[in-house]
Amino acid sequence: MPTCGMRSIIKFIILFVLFFIVQTISAATIQGHIKDVETQEALIGAIIREKNQSHIGAATDFDGGFIIKNIPTGEYTFIVGHLGYLHQSKSIHITNDMNHYTLNFYMVHDTLTAEVVITGSHSYGAESDTLARKTEQNADNVINVVSANTIQILPDITVANVLQRVSGVSIERSSNGDGRYAIVRGMDPRYNYTLVNGIKIPSPDNKNRYVPLDLFPADLLERLEVIKALTPSMEGDAIGGVVNMVMKSAPYTPIFNVNLATGYSQMFFDRSYSKFDPNSIQKTSLGEIHGQDYQASTYDFNYNNFTYHNIKAPINGIAGITLAKRFFKNKFGVVLAGSYQNTYRATNSVFFNPNTQPLPGNVPTFDDIYLRQYSTQLTRGGVHSKLDYQINKNHTISLYNVYLQMNELQTRHTIDTALSISRTGTGTGNVYLLDRSRFQKQTIYNTTLQGNHTLAGTVKINWSAVYSLAKSNLPDWSETSLTKNVSKDANGNQVITPETLGYLPRRWQHNSDEDKSGYLNLSWSPASLDLALKKLAVSKVELSAGGMYRHKTRDNYYTEYKLTPKSNGGIIPPFDGAFTPDKYLFISQAASQGSPVNPNTYVCSENILAYYGQIKFLLFSKLQVLSGVRIENTLQKFETVMPSSFAGKSGSISYTDMLPSLHLKYMINSKQNLRFSYFKSISRPSYFEIIPYNIQGEYFTEAGNPYLKHTQAKNFDLRYEFFPKALDQILVGVFYKNILNPIEIAYVKSGTSGSLLQPQNFGTATNYGFEFVFTKFFGKIGFTSNYTYTNSSITTDKAYYYRDDNNQLTTSTVRQTRPLQGQSKHIANISLLYKNQTKGLEILLAYVYTGRRIVQLSPYKDLDYWQKGMSQLDFSFEKTIKKKFTFYAKITNILNSPLLVEIMQPNPYRSGSNVLYGQTRDDRILVQKEYYGQNYLLGIRYKF
Amino acid sequence: MKKIYLMGVAVGLLASISSCKKSSDETVTLSEPQFQAGQAITHDTLSGSVKGTMLAGKTYYFATPVTVNAGDTLVMQSGVKLLAINPSAQLVVKGTFLSLGTKASPNTITGVTGDQTVKSNSIIDPSSDPAFTAQWGGIQCDVTCPLLVVKWTHLDYSGGNVGTNPIVGYKSGDDLFTILFQNPDGVYILEDSWIYGTTTDGTRVKGGKISIMRNTFEKIAYNDGEAVNVKSGTVGDMAYNMIIGTAKNGLKASNKGGLTQCNVSMYNNTMVNGGYRSIDPARGGSMNYEEGAKGIAYNNIIVNCRYGLRIYGTPTVADTLHLFYGNTLNYGDSASVTNQYYPVGYVTKPMTTDIPLPSSFLPNPYQLGQAYTSPSSIIQANNPKFVNFPLPQNAPHLRDVNSIGTSNFRLQAGSPAIGKGNVAFSPINSVSSITDPFLKATISLPNGDLGAYPTDGTGNQH
């Protein structure tokens with residue numbers, strides 16, 4: 001596998017070099033550049049063409065340069081057009097005397113068009129990289145931006161995967177290998193939040209606040225922002241950062257784009273995709289249909305979801321459409337965009353299941369080996385629309401709607417070899433064949449009515465009324481089980497018992513999260529104040545204040561039915577190949593009613609009232625100061641379905657935070673900034689963690705903690721920014737975070753009577769690091785890179801299992817210091833872009849490195865699971881034909897990089913009777929190895 | 001509590017008076033005093049939270065979970081019946097529960113149907129056997145329960161599922177144990193009682209000081225469960241228990257959970273036909289020590305169980321350095337049983353005190369856990385000669401006989417189990433803090449005979 005990968009890399013490098021070299025040389029050539037007349041910045045992608053012969057022309061490259069070759073002699077008039085600028089034309093006479101001409105253009109802003117571009121007061125394309133760089137430079141706080149143009153060429157089709165390209169961001173993958181959550185600066189997803197157009201959206205997750213980012217098709221975005229320092233007007237519950245998805249809006253030129261693509265997953269050439277019929281899933285639980293007291297029969301359930309069909313190389317399909325137009329003299333804008341992605345993903349995995357309790361001395365021991373094959377069909381749909389109406393220059397209102405849906409249909413086939421049951425060596429013992437059928441539908445809906453008003457020229461009012469609803473439905477989750485025992489008799493002959501049925505659990509789980517919020521922001525920038533403060537060298541004073549209120553209600557439902565295999569004459573008969581209702585029974589009346597009364601069924605609400613005041617001004621025309629304070633009041637309530645004898649059947653928690661911040665931006669010159677930010681922020685416990693639930697595990701009781709404190713952090717940022725040319729960029733920054741009461745799930749021992757796993761606060765954690773972004777374009781070649789160093793530290797309680805002085809096996813609580821879960825010390829991105837505007841060609845090779853990090857915490861000291869450092873290489877290619885059509889190809893995971901998870905302890909399993917296969921190192925134990933294979937996508941875009 | 005103490009003194013005095021009658025010929029019958037705590041319960045249906053004393057000889061009913069609150073005590077005097085009229089009826093014990101039946105007047109907790117059912121002596125398919133119908137939900141002790149005493153009590157037709165009534169110690173979807181005890185600092189005494197017909201484990205102990213002696217377990221678990229299953233934090237004795245027809249093991253000890261190390265002695269138990277209904281193969285049949293558990297296991301008789309004593313090796317190794325065992329009598333009708341006297345894949349050491357003598361049938365050299373073919377000489381050899389239980393067994397399958405019925409597992413004269421016991425060890429007796437004569441455990445010491453019914457009559461009284 002690796003050699004194949006290496007070969008691929010070499011091929012791509014050769015391709016790259018070839019494109020570099022193949023530059024045809026001709027006689028009559030016009031060369032020049034196109035720049036902004038004021039800023040002298042290169043304009044990228046500006047179109048130059050001959051007035052009457054439109055086939056003679058070019059587009060500017062990264063330096064704003066262009067070249068037109070093979071021009072016959074004669075008189076020519078070249079016209080240059082670029083969005084947001086007035087057209088300009090120049091004439092030139094080509095003679096036989098010369099074969100090299102120079103033609104430069106200095107473009108003037110079109111103030112009229114600039115005014116009607118609703119998306120901002122900029123004159124660049126809303127989706128351009130230039131704007132992305134400008135946004136970073138002009139922002140009040142520390143921010144990274146990815147433009148739609150970059151997203152388009154990136155190999156990624158979901159927002160989660162795009163995020164891994166951003167400095168300081170790494171992703172957490174789901175079982176299908178796709179990114180799902182973002183870790184910002186080593187901070188777990190719980191420390192970050194997600195915005196759509198600046199509005200926080202709820203999560204369809206059943207327990208957590210954070211939003212699965214694979215729900216968002218990347219092609220709906222105008223740009224993606226990662227905000228790393230919070231200003232007072234922003235919600236205060238992010239310590240790592242904020243992901244803001246700015247969705248497409250209507251520019252002044254009409255848009256009609258269509259995108260169609262198809263592709264394959266490599267692994268489904270090598271093995272089949274295993275599919276079950278999603279219609280066989282019963283969407284609603286029997287208890288919800290017939291009432292909680294209903295006594296189900298095994299005949300009430302469907303068994304067709306355990307009928308699997310093998311499909312060879314299923315075809316992925318992707319479609320997208322964007323329509324935008326402005327009406328009534330550009331006053332009324334409409335944008336409508338839709339995206340549909342149907343992709344099949346494969347995962348092959350081997351997992352050595354560590355026994356929860358280690359051997360004495362915390363030596364890891366393993367009780368099962370799972371060999372797993374996942375077949376996942378992900379169907380994403382997204383629609384969004386934005387209507388905006390510009391009543392006049394001072395008043396605009398807009399209505400934004402977005403609906404996102406992701407259906408995940410997943411089959412998981414597992415061969416589970418038990419290592420502790422009558423095993424005499426490899427290939428013996430109990431073997432379990434497990435087939436899981438899972439269907440999950442997640443949706444997010446948001447509607448935002450927003451108004452922007454300017455009064456008396458100096459007062460700005462911005463308000464939003466927001467309704468959001470996030471839902472998840474995971475119906476009829478079930479896994480069949482067959483068991484057999486393999487042994488060897490005294491003569492070494494293999495004896496295999498017939499396969500028999502095991503338990504069949506069937507679960508229904510759904511949850512919803514509804515937000516109703518209102519936002520109001522006021523700002524006042526009076527000229528009089530500027531005048532009064534002129535002596536103090538203060539200018540551009542802006543006073544702002546505002547607030548928001550959100551009422552959230554969250555509803556969770558969970559029930560489980562446990563079907564027991566029916567025995568005949570005291571034994572379970574050999575399995576005949578069909579899962580049918582007659583082979584199961586409910587062992588008791590209570591079992592037939594499912595278990596809808598459990599800690600996972602709960603209702604909770606959260607009211608947040610926040611308000612802020614902020615001042616922004618410029619000192620000595622160089623130093624922008626933004627400072628203010630935000631107050632957030634939190635009131636959480638929960639109500640469980642537990643009986644009234646249960647302590648903590650319901651409860652409420654309230655607290656108030658004062659969150660000051662200071663953001664300084666010293667503008668060294670028009671191309672360089674030095675920034676300093678300080679902000680205080682919080683992170684609230686998840687909705688579930690504060691409920692005093694008890695879930696009995698085999699080893700530990702998992703318990704909630706209503707006394708959990710919310711996390712508070714002080715965050716410092718220092719960043720130097722240099723934007724030498726429109727697209728070039730150097731960012732160098734350091735950050736430091738002091739985190740009070742971080743929340744970790746850890747081992748609690750209370751006397752001799754209890755050991756729990758419970759979310760708890762652990763003193764103070766720290767997190768500091770260094771970020772470096774370097775982007776440079778040389779003519780047609782673009783080099784983009786970033787590197788982030790993160791070093792976090794937290795000390796928590798861990799269990800230590802050992803033999804004490806009295807020869808008793810016992811467990812004590814010890815403290816261990818480690819990095820935060822999810823933090824990689826090193827993360828890096830490098831990408832090489834070849835872009836030939838004239839030929840309409842773009843080629844991208846992108847590399848991501850995610851350093852070693854803890855992916856799962858163990859309650860025991862030294863036994864955390866570490867994901868090994870991982871490299872991923874992706875490729876993307878685009879070719880525009882006849883200006884309107886673009887063909888593209890994307891290949892992801894070229895190297896088929898495995899995900900490796902290890903326990904960093906001496907490895908006693910490399911030899912001997914307890915040997916585990918695939919162990920290659922003495923200093924660590926391999927726990928999990930997962931492959932996802934390459935994914936290919938071939939598509940066409942049509943731009944009207 | 002003071003009241004209990006005074007009662008105890010009174011009872012002690014009476015007991016000493018009654019024992020001074022040896023020299024004369026009169027036969028004196030005194031009414032037995034009854035233990036009482038709190039108010040007598042005079043209404044006949046229990047519901048909600050309960051405390052006080054259920055009076056001797058009375059029948060009570062319950063239809064829902066009833067709770068003994070922390071700090072409260074519920075007493076069943078002798079001869080009390082508590083009948084469930086709905087399967088969701090159960091006892092949730094956050095305080096103290098004392099069921100004080102006597103040999104003459106045992107107590108009974110069962111379903112109203114079960115109370116009227118004559119326990120069949122014939123072979124019944126477990127899928128239609130009323131024994132597995134779970135007519136009430138067992139005795140579920142919370143972590144706050146300081147003391148549970150169950151003496152001379154029939155616990156029939158119990159079990160079920162957590163269902164709509166969540167209980168501490170279970171997760172949703174779990175089947176219910178007949179008795180759950182889960183306070184490592186608490187005391188749990190189960191004596192001279194009968195557990196007949198369960199959904200899963202007869203008793204599960206997730207920590208506690210225990211004495212489980214002279215009980216009879218029949219028809220334990222439909223297809224997934226043990227008679228006695230104890231985890232980390234459990235310390236005490238399991239002796240003189242008669243166990244027949246378990247789905248998995250009779251007695252099982254594991255140190256899962258990392259509390260005080262699980263330390264149990266299993267001695268003088270008789271286990272018959274265990275391990276055949278197990279939902280998955282190779283899950284035990286008589287006794288297991290797993291995952292860090294330690295203790296002693298002597299003087300046990302294992303007849304026709306799917307596996308002999310299993311001591312786990314890696315990966316979930318028992319505390320083999322602190323495990324002592326031997327004097328086990330193994331009997332098997334067929335090679336499939338005798339080939340697992342020392343279960344294949346485990347690390348049970350054959351002991352020279354075991355019957356049959358290991359060297360008489362194991363290969364030489366023998367590696368722990370290796371597969372062997374037992375010679376025909378040991379098949380059906382060493383018949384323990386039960387008073388009324390013909391061996392080889394008179395049924396189509398070993399699993400078919402899972403209750404005692406008219407059988408009698410006392411030893412006939414000439415049984416190879418007589419006089420082979422090890423008496424050179426002491427019970428752990430972790431329950432000595434309970435000294436009240438009504439409540440305290442009666443510890444039966446190890447006997448020179450093997451099994452639950454030694455010939456001196458000191459063992460199981462059933």
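Let's start with the domains of chain A: the assignment gives domain 1 (2-109), domain 2 (115-253) and domain 3 (259-644 + 652-943). Please keep in mind that this is a predicted model.

How far apart are the centres of domain 2 and domain 3 of chain A? Taken over C-alpha atoms, they are 15 Å apart. The contact between them draws on 66 residues from domain 2 of chain A and 116 residues from domain 3 of chain A. On the domain 2 side, helix 3 (129-138) and strand 10 (169-173) of chain A each contribute at least two residues. Helix 3 of chain A gives the largest share of that side, with 4 residues.

Where chains A and B meet, 63 residues of chain B are in contact with 65 residues of chain A. The chain B side of that contact divides into 22 nonpolar, 30 polar and 11 charged residues.

Staying with chain B, have a look at its open sheet. There are 11 strands, in the order 1-3-6-9-12-15-18-21-24-27-30, and the pairing is parallel. Which strands stand at the edges? They are strand 1 (40-41) and strand 30 (323-326) of chain B; each has a single partner strand, so one side of each is left without a neighbour in the sheet. As a reminder, strands of a sheet pair through backbone hydrogen bonds, either parallel or antiparallel. For one pair in close-up, take strand 3 (residues 52-54) and strand 6 (residues 73-76) of chain B, which run parallel and share 3 bridges. Within that pair, M54(B) sits opposite M76(B) of strand 6.

On to the cores. The largest nonpolar core has 119 residues, and V93(B) and L148(B) have the most contacts inside it. What does V93(B) touch? Leaving aside residues up to four places away in sequence, its contacts are V68(B), I139(B), Q140(B), C141(B), D142(B), C145(B) and L148(B). A second, separate core has 86 residues, including V211(A), V226(A), Y400(A) and L833(A).

Most residues other than glycine have a negative phi, and most peptide bonds are trans. Here are some exceptions.

Chain B has a cis peptide bond joining T314(B) and P315(B), with omega about 5°. P365(B) belongs to the loop between helix 3 (335-338) and strand 32 (386-388) of chain B.

In chain A, A456(A) has a positive phi of about 50°, although it is not a glycine. You'll find A456(A) in the loop between strand 23 (429-455) and strand 24 (459-488) of chain A. Is A456(A) buried or exposed? A456(A) is exposed, because 8 other C-beta atoms lie within 10 Å and the exposed class covers 12 or fewer. A537(A) also has a positive phi, near 60°. A537(A) lies in the loop between helix 8 (527-532) and strand 28 (538-565) of chain A. With 13 C-beta neighbours inside 10 Å, A537(A) counts as partly exposed.

How values were computed
Residues numbered from 1 in each chain as written. Chains lettered and ligands numbered in written order. Predicted model: local features only at pLDDT ≥ 70, side-chain atom pairs only at ≥ 80, totals over all residues. Contact = placed C-beta atoms within 7 Å. Nonpolar A, V, L, I, M, F, W, Y, C, P; charged D, E, K, R; others polar. Pairing = 2+ DSSP bridges. Domains from an automatic or database assignment. Core = buried A, V, L, I, M, F, W, Y, C linked by C-beta atoms within 7 Å. Buried ≥ 20, exposed ≤ 12 C-beta atoms within 10 Å, placed from the backbone.
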